[in-house]
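Dear colleague,

Please find below the sequence and structure for your review. My findings follow directly after them.

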Amino acid sequence: MSSDTIHDPEILDEASTGSASKEAQLVRTEDVLPPQLTLLPLSNRPLFPGLVVPLIYEGEEMGEIVRDLAASHEQHVGLVLVRDEDESYAPENLYEVGVVARIAKAVEIEGHGLHLVVECLRRFRIDGFLSSENPIRVLAHYRPETSYEDNITLRAYTVAIVNTIKELLKHNPLYEEELRLFASRFDVNEPNRLADFAASLTTASREDLQDILETEPIFERLKKVVSLLNRELNVSKVQTKIRENIDERVSEQQRKFFLHEQLQEIQRELGMNEDPQEKEIEGFRKKAKKLNFSEEAESAFDEELNKLVMLESASPEYSVTRNYLDWLTCLPWGKTCRERYNLNSASRALNRHHSGLEDVKDRILEFIAVGARKKAVGGSIILFVGPPGVGKTSLGKAIAEAVGRPFYRFSVGGMRDEAEIKGHRRTYIGAMPGKIIQALKRLEVANPVIMIDEVDKIGSDFRGDPASALLEVLDPEQNSDFMDHYLDVRFDLSQVLFLLTANQLDTVPRPLLDRAEIIRLPGYMASEKVEIARKHLWPAQLKEHALSRNEVTLTKAVIQHLVEDYAREPGVRRLEGLMKKILRKVARKLAEANAEGSEAVPLRIGVSEIADYIGQPRFREQAIKQGVGLSTGLAWTAMGGTTLTLEATVVHRDRRGMKITGQLGKVMQESSEIAYSYIVANLARFSADKDFFDKAFVHLHVPEGAVPKDGPSAGIAMATALLSLALGKAPASIAMTGEMTLTGEVLPIGGEREKLLAAKRLGISEVILPAANEVDVDELPDSVCEGLTIHYAGHFRDVARLMFGIRMKSARKQQ
């Protein structure tokens, strides 16, 4: 048999949670305490009512008894002190008075016995033994609790105990936590509780404490407790005095010697006794031993290190040489991270970082699959092209996570100095390596994933051409011997996976295009944007604004409303900005409610309330405009696909001619002239008045004149508007795109995915595309073409048949 008592305030506080609220019911009526109790022995000291105490029981026999007791429905046990710790646990070795306790918690810890947390409730006296073998069971007699009226003597004892405890706190602050726990559970003016608590604080002998436990009259018990407390106070005072006397005997010389030895040891451990220059040089040597220098780099290191040894630390050349060695030894020479090429984990990483664009993800997984065959994806250049906010950067992060490489991103938009890429020469003040070397130093591996943003916005001036400098970085034939101007030694970049991003290809330097694998990200459909908002944007913004789903809710209908009427762009950047605006207003409302002292009500934002947060919708339902001289074209921009309404009207009939407005580029102006010439030459074949344009001055306008427009794909739309004017008939409600020749042939165009998505966003159900683009449309995901009726035209007569229901006459019939 073995038992031990622990006085840990944190455990006591935790154990007392939940028990304090129930104590009134547990102690108030005697009939809730069982008449028969199973006894558990206490070896060190007795326990007192009102305490919550953890106990430890070790040993096979005792552990089995406690384990069975904890597993049974019997929640009360008797805790009795043994008379002789060395004797066996038997009835004759037990005191007659103990405490009944409720088991609050039982935990078995391997190798450390069974841990119990018990709440001591009331004294009891053993009236008889029901069993003398383990487990020992007894008949318990409980003396009713006595309520005491306030009188001077009783209050005097109570005040004496409290004041003595306060004196003890000055000498032993450990008592403070136990006093705090007692005050939180009981009133200090309760003499019963106060006496038992004060006795438990002392370090008195087990026999003295047992005597107090067995003393039931309150005045006699208080006298004994005051005596124990005074004895404890005297012991504490003597200990304090002894400690002060010992401190005074320590001579000043001994203190100085001790402190001096400590100082010497600290300096020795920190290396402060060494020469700083010697220490720095030794540090470079140690770093170099861990690196796998190339022969050229090792030669440069030895040369610069020997120079550093000869230089004075105050010399300006010293700091230049030291910085160079620092950069040289911080690069990951021969250090690579372990890659992984698991397609399943790569697919999960892509889906975690990015929603939608399944065809793009398929291209990336194919790329990783090839890398898995080669056991390397280094030396590759991938160019993501798409409008802002479609997830080019998140795709780069997903690729890095998928192959297990660190990720680094920097932008070259507006960059005009090639030194940003290849570094400055060391002759310049403040010289430093270029961004590529800086990235390698930060990532500490030679095979990271580096994303170079906005290569379509890179510039050039008298300081050099950064695009040409990028060629040496990106070209797999050259980058194995990349030389930074600052380092002036070659570094192998062939293991780096470079990712480039651009909004459009027109301004990307042609040599870069030739070396890159192009992956287009045309934009999201409305359904994809709704899912991205629900699964990614909204949770991320809630976290950023320190809000929870319980405080504010955005319905799916609201997100659909945001996508269709506020944020129709191909990406999700504006959609994210709208969510930020909503949450800022929500945060203010909640803060104002707290300031007024009223309880904040969870906000559920519906479609009808959204205008109060972000204003009126930017976009309205736009049907295709129908009328004589009107047609709807589909166009591609750097921001994604869009629609163009072309308008044609006869200004006067004084003379023949055509005026074009709408800030059109040269190619688009030529397209309008081709459309005009074709329609004028073939009016009779379309059953129109062949003399209609002879004296008609026509004005052709493309709205949104502040926006520059160019490209040949509006040819058939312009011809349709002019033919509508000549026929005096409104065309059908169909959008179209296609380049047209003077003979009426419809040539293929680009950006068909973006244009189809633009048509779907505006609710257009029918479109006309060049017949040569049918192959491109077949490669698009089914979700892009879903809900659209696509007509293919190889000649303008196909367009006229669809738009006006007329068939073009042959040239022979016209004559």
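In this predicted model, a salt bridge joins the side chains of Asp 196 and Arg 123, with 2.7 Å from N to O; the term denotes a side-chain nitrogen of Lys or Arg within 4 Å of a carboxyl oxygen of Asp or Glu. Asp 196 belongs to helix α6 (residues 191-201) and Arg 123 to strand β6 (residues 114-131), so the pair ties together parts that are 73 residues apart in sequence. Helices (H or I, at least four residues) and strands (E, at least two) are DSSP runs, numbered from the N terminus. Asp 196 is buried, at a relative accessible area of 2%, and Arg 123 is buried as well, at 12%. Here buried stands for under 20% relative accessible area, exposed for over 50%, and partly exposed for what lies in between (1.4 Å probe, protein chains only).

As to the source, the model is predicted, so local features need pLDDT of at least 70 and side-chain atom pairs count only at pLDDT 80 or more, while totals for chains, interfaces and linings use all residues. Residues are numbered from 1 along each chain as its sequence is written, and side-chain values use heavy atoms, with hydrogens and water left out.

The structure holds 27 salt bridges in total. Another of them links the side chains of Glu 216 and Arg 143 (2.7 Å, N to O). Glu 216 sits in the loop between α7 (206-214) and α8 (218-249), and Arg 143 in the loop between β7 (137-141) and α4 (152-171). Glu 216 is partly exposed at 25% relative accessibility, and Arg 143 is partly exposed at 37%.

A further salt bridge is formed by Arg 405 and Glu 339, whose closest N and O atoms are 2.2 Å apart. The two residues lie in loops, and the pair ties together parts that are 66 residues apart in sequence. Arg 405 is buried, with a relative accessible area of 6%, whereas Glu 339 is partly exposed, with 22%.

Turning to helix packing, helix α11 (residues 295-310) packs against α12 at an angle of about 150°, and their axes are 10 Å apart. Axes are lines fitted to C-alpha atoms, for helices over the stretch in contact, and angles run from 0 to 180 degrees between N-to-C directions. The two helices are therefore roughly antiparallel, a label for angles over 145 degrees. Residues in the contact (heavy atoms within 4.5 Å) include Phe 301 and Leu 305 of α11 and Tyr 318 and Leu 325 of α12.

Yours sincerely

Terms used. Parallel < 35°, antiparallel > 145°, perpendicular 65-115°, else oblique.
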